[in-house]
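The following exercises concern a single protein chain and are to be worked with its sequence and coordinates at hand. Each task is followed by a stepwise solution.

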Amino acid sequence: QLEVHIMATLQRVVIGFSLAAFLAVTLGALAGRWRWLRHLLEPVVEVLRPIPPLAMLPLFIVWAGIGEVSKVAFITYATFFPMFLTTIHGVLHVDPILLRAAASLGAGQTQQFLRVILPAAFPEILIGLRLGMALSFFVIVISEFIGAEHGLGFLINDGRNFFLVPQMLGAAVVLGILGYACNELLQLVERRLLRRQRQAGSDAGSHTASGAA
C-alpha cells in the first residue's frame, strides 16, 4: 500500500507545483519587465503572502470541496509566492550593460526578453523553484490531513489518530526522501542548463572574436 500513498502524494505535488511554477515564472518575468504590471500585482501579493497557508486551507475546502482540486489549489497557492518574488528579483537585477549591448546589436524588446533577460535571471528563477518544491512537500501533509484517503500525509494523520508511531515516522522519512530526490533533480537540471548556457556564451564570444579578426 505504500506505493499507492507515495504516488498519490507525488501526483498532487507535481500538479500543484507545476501550476504554481508556470504562473509564478510567467507573471514574475512580465512584472519584472513591465512596471505597471508590477505595481498592479505587488500590493496583492504582499497582502496575501504573510497569511499562513494553513489559515487559507478551510477556504479552499469551502470553495473546492475536500477532493483533489482543493489539495492541488492549496499547493499552488502556498508555493506561488517564493517563485514569483525570486523571478521578479532576477529580472530586475539583470545587468543593464547586457541590455544595452543587445540593443546596440539590433535586438528588439522580445529578443532582449527571451535571449538576454530570461537567461540572465535563470539562476535566481531556479532558486525560487527549489524553494517552491521544498514548500510543496511541507504543505502537502497539511492538505492530506483533511478528506484524503491516500497519501503520506494521510498515513501520518492516521498514525496520529491510532498512536501508530512507526507509521508516522516511516511516512515522514519517506516524505523527506522524496523531497531530497526532487531537490537533487532540480539541481541536476540547473547544472546542465547553466553548463549549456556557458557553452553557448563561449561559442558566441569565439564567433565574435573570429569575425572581428
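**Exercise 1: Leu129 and its surroundings**

Leaving aside residues up to four places away in sequence, Leu129 touches Phe17, Ala21, Val25, Met83 and Leu186, where contact means heavy atoms within 4.5 Å. The model is a predicted one, in which local features need pLDDT of at least 70 and side-chain atom pairs count only at pLDDT 80 or more, while totals for chains, interfaces and linings use all residues. Residues are numbered from 1 along each chain as its sequence is written, and side-chain values use heavy atoms, with hydrogens and water left out.

Task. Determine in which helix Leu129 has its place, and whether Leu129 counts as buried or exposed.

Solution. 
Step 1. Leu129 lies in helix H6; helices (H or I, at least four residues) and strands (E, at least two) are DSSP runs, numbered from the N terminus.
Step 2. The relative accessibility of Leu129 is 15%, so this residue counts as buried. The classes are buried (under 20% relative accessible area), exposed (over 50%) and partly exposed (in between), with a 1.4 Å probe and protein chains only.
Step 3. Gln112 is 17 residues from Leu129 in sequence, and their C-alpha atoms are 23 Å apart in space.

**Exercise 2: The overall architecture**

Solution. 
Step 1. The C-alpha trace spans about 75 × 35 × 20 Å along its principal axes.
Step 2. Of the 213 residues, 38% count as buried.
Step 3. Among contacts with a separation of 6 or more, 77% are between residues 24 or more positions apart.

**Exercise 3: The packing of H1 and H6**

Task. Describe how helix H1 (residues 2-33) and H6 pack, and classify the residues of their contact.

Solution. 
Step 1. Two packed helices are described by the angle between their axes and the distance between the axes.
Step 2. For H1 and H6 the angle is about 145 degrees and the axes are 9 Å apart. Axes are lines fitted to C-alpha atoms, for helices over the stretch in contact, and angles run from 0 to 180 degrees between N-to-C directions.
Step 3. The crossing of H1 and H6 is right-handed; a crossing is right-handed if the near helix is turned clockwise from the far one by less than a right angle, and left-handed if anticlockwise.
Step 4. Residues of H1 in the contact include Phe17, Ala21 and Val25, and those of H6 include Ile125, Leu129 and Met133.
Step 5. By class, the contact of H1 with H6 has 15 nonpolar, five polar and two charged residues. Here Ala, Val, Leu, Ile, Met, Phe, Trp, Tyr, Cys and Pro count as nonpolar, Asp, Glu, Lys and Arg as charged, and the others, Gly among them, as polar.

**Exercise 4: Helix H3**

Solution. 
Step 1. H3 and H4 pack at about 145 degrees, their axes 9 Å apart, and their crossing is right-handed.
Step 2. The contact of H3 with H4 comprises 12 nonpolar residues, one polar and no charged.
Step 3. Gly65 follows H3 and has a positive phi, near 85 degrees.

**Exercise 5: Gly28 and Phe163**

Task. Decide for Gly28 and for Phe163 whether the residue is buried or exposed.

Solution. 
Step 1. Gly28, found in helix H1, has a relative accessible area of 0% and is therefore buried.
Step 2. Gly28 touches Leu23, Phe84, Thr87 and Ile88, residues up to four places away in sequence not being counted.
Step 3. Phe163 belongs to the loop between helix H7 (152-161) and helix H8 (165-212), and its relative accessible area of 71% makes it exposed.
Step 4. The phi of Phe163 is near 55 degrees, a positive value in a residue other than glycine.
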